[in-house]
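Colleague: I'd like to go through the labels on this one with you. Could you give me the cut-off behind each as we go?

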Amino acid sequence: MSFQALRIFIAEEFALDIPADRLTPDLDLIETGIVDSLGVLKLIAFLEGEYDLTITPDELDADLYRSIGQIEALVASKRDAAAAA
């Protein structure tokens with residue numbers, strides 16, 4: 001599964017001065033100020049639309065969206081669970 005769309009979204013919405021290919025999987029998006037609490041909500045809306053998944057209330061914790069690697073893992077696990085159902 002490619003997450004290039006995720007990187008492009010983050011670069012275009014939150015990190016205009018950072019090219020998408022320079023957003024590393026472990027970059028802390030919240031600590032660096034790239035994504036704030038409102039940004040997390042925009043990010044969740046993007047994930048639901050782009051990857052056709054539903055984020056549950058238990059998954060609204062901003063810490064789940066702290067890095068691209070964490071976001072990719074969350075999306076992959078939700079898609080795997082949906083495929084197995």
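Modeller: Gladly. Buried means under 20% relative accessible area, exposed means over 50%, and partly exposed is in between, with a 1.4 Å probe and protein chains only. This is a predicted model, where local features need pLDDT of at least 70, side-chain atom pairs count only at pLDDT 80 or more, and totals for chains, interfaces and linings use all residues. Residues are numbered from 1 along each chain as its sequence is written, and side-chain values use heavy atoms, with hydrogens and water left out.

Colleague: Why is aspartate 28 called buried?

Modeller: Its relative accessibility is 18%, so aspartate 28 counts as buried, the limit being under 20%. Aspartate 28 sits in the loop between helix 1 and helix 2; helices are DSSP runs of H or I with at least four residues, numbered from the N terminus.

Colleague: What makes the pairing of aspartate 28 with arginine 66 a polar contact?

Modeller: Their side chains come to 3.1 Å. A polar contact is a pair of N or O atoms within 3.5 Å; within protein, one must be able to donate a hydrogen and the other to accept it, and residues adjacent in sequence count only if both atoms are side-chain atoms.

Colleague: And why is leucine 64 classed as it is?

Modeller: Leucine 64 has 32% relative accessibility, so it counts as partly exposed. Leucine 64 belongs to the loop between helix 2 (37–50) and helix 3 (68–84). Leaving aside neighbours within four places in sequence, leucine 64 is in contact (heavy atoms within 4.5 Å) with Asp58, Glu59, Gln70 and Ile71.

Colleague: How do you know that the buried residues of helix 2 are on the same side?

Modeller: The buried residues in helix 2 are Gly39, Val40, Leu43, Ile44, Phe46 and Leu47. They cover an arc of only 165° around the axis, so they are on the same side of helix 2; the arc is that of the directions from the helix axis to the C-beta atoms. The buried residues of helix 2 pack against helix 1 (4–13) and helix 3. On the face turned away from that buried side are the exposed residues Leu38, Leu41 and Gly49.

Colleague: What caps the N-terminal end of helix 2?

Modeller: Aspartate 36 does, with a side-chain oxygen 3.2 Å from the backbone nitrogen of leucine 38. Just after helix 2, aspartate 52 has a positive phi of about 50°.

Conventions
Helix = DSSP H or I, 4+ residues; strand = E, 2+ residues; numbered from the N terminus.
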